[in-house]
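This report describes a pocket, a cavity and a helix contact in one protein model. The sequence and structure come before the details.

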Amino acid sequence: MTITATPSPTATGAGLRSAGLEHRIARDPARFRVLTGDRPTGPLHLGHYFGTLRNRVRLQDLGVEVFVLIADYQVLTDRDTAERLQEHTDGLLLDHLALGVDPARSTVFTHSAVPALNQLLLPFLSLVSVAELGRNPTVKDEIAHSRQSAVSGLMYTYPVHQAADILFCKGNVVPVGQDQLPHLELTRTIARRFNERYGDVFPEPEALLSAAPLLLGTDGTKMSKSRANSIPLGATADETARLIRGATTDADRHITYDPETRPGVSSLVLLAALCLERDPREVAAEIGGGGAAALKRTVTDAVNSHLAPVRARRAEYAADLTYVRSVLRAGNERAVAVADRTLEEVREAMGTFR
């Protein structure tokens with residue numbers, strides 16, 4: 001059973017293009033290179049798992065070349081310092097390895113280890129105007145929720161840094177949510193303008209829209225690392241049970257799946273359904289008049305059962321951090337080699353190559 005999101009009317013065009021891209025990937029996966037990643041600001045959670053992480057493994061297993069960025073520099077976009085960076089980086093590595101990311105087929109790397117990637121930021125900034133940066137709706141939202149008292153230059157140029165992330169490896173597919181489309185459109189604009197001005201170097205990457213449904217946090221709002229309302233992948237079974245017991249529901253004892261009018265209850269039902277690979281309406285009907293307590297027991301059992309093998313593999317990797325960090329070193333070396341080649345092409349195209 002597959003649960004998909006229905007695209008909004010404004011997303012129909014992008015959704016149709018994404019569906020066409022899926023078909024092309026299935027026909028010839030070796031033609032595609034994916035760039036995706038996360039900021040190491042805290043533990044990855046179930047929203048990440050069902051929203052993006054499983055899709056990365058799926059694309060890898062199809063035969064697509066996958067680059068996974070641990071965006072350590074971008075931690076500073078909305079924070080004054082990068083706290084607990086090593087711990088969070090190790091956690092991201094553990095989660096990816098436990099879920100099936102294969103270092104022999106996918107490249108996991110960090111911003112700070114790839115100087116040539118970051119050098120692309122300067123020529124790319126010359127290709128966009130201040131007005132274009134200021135109009136980006138995602139940047140506006142990120143600025144509104146920033147932890148800093150003043151907007152940093154890194155925050156303002158965040159979309160251009162993301163363009164460098166994607167284009168350094170000539171990524172031509174980027175898995176995104178609907179809210180990230182403006183970022184990707186700016187990347188396409190930068191690639192197009194560079195090619196027009198200096199000669200063809202970069203592909204114009206395409207958006208692979210996520211079909212994952214939205215999971216709410218335990219407080220009924222968007223699940224987020226920064227809101228302390230998530231269920232981390234690395235949590236124990238007991239910790240998971242405690243977090244789910246504290247989740248927001250409502251006063252109606254009869255359990256139904258109705259995301260519009262009962263978002264908290266419906267998100268819990270959906271979480272159980274995803275773990276059980278069943279339709280959420282069937283799960284809700286089985287619980288029926290059992291109330292919130294029965295719902296939370298069902299969700300807890302489903303999550304813990306589904307994640308048990310992942311957690312077992314994670315514990316095995318956690319016992320050998322020397323190996324885990326060697327995976328990152330190897331990925332960094334691979335990314336450095338790719339970025340150096342791209343920067344050489346850029347310099348030659350711009351007439352600065354020696």
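## Second largest pocket

The lining of the second largest pocket holds 13 charged, 10 polar and 10 nonpolar residues (Ala, Val, Leu, Ile, Met, Phe, Trp, Tyr, Cys and Pro count as nonpolar, Asp, Glu, Lys and Arg as charged, and the others, Gly among them, as polar). The model is predicted: local features need pLDDT of at least 70 and side-chain atom pairs pLDDT 80 or more, while totals for chains, interfaces and linings use all residues. Residues are numbered from 1 along each chain as its sequence is written, and side-chain values use heavy atoms, without hydrogens and water.

Thr41, Gly42, Pro43, Arg84 and His88 are the closest to its centre among 33 lining residues. Helix α3 gives the largest share of the lining, seven residues. On a 1 Å grid over the protein atoms alone, a pocket is an open set of points with protein on both sides within 12 Å along at least five of seven lines, a cavity is a set where a 1.4 Å probe fits but cannot get out, and lining residues have an atom within 4 Å of a point. Points are joined across faces, edges and corners, and a volume is the space filled by probe spheres set on them. Helices are DSSP runs (H or I, at least four residues), numbered from the N terminus.

## Largest cavity

The largest cavity has a volume of about 100 Å³. Of its 13 lining residues, Leu216, Gly217, Thr218, Ala247 and Leu268 are the closest to the centre.

## Contact of α3 with α15

In α3, Gln86, Thr89, Asp90, Leu93, Leu94 and Leu97 meet Leu321, Tyr323, Val324, Arg325 and Leu328 of α15 (heavy atoms within 4.5 Å). Seven residues of this contact are nonpolar, two polar and two charged.

Notes
Helix = DSSP H or I, 4+ residues; strand = E, 2+ residues; numbered from the N terminus.
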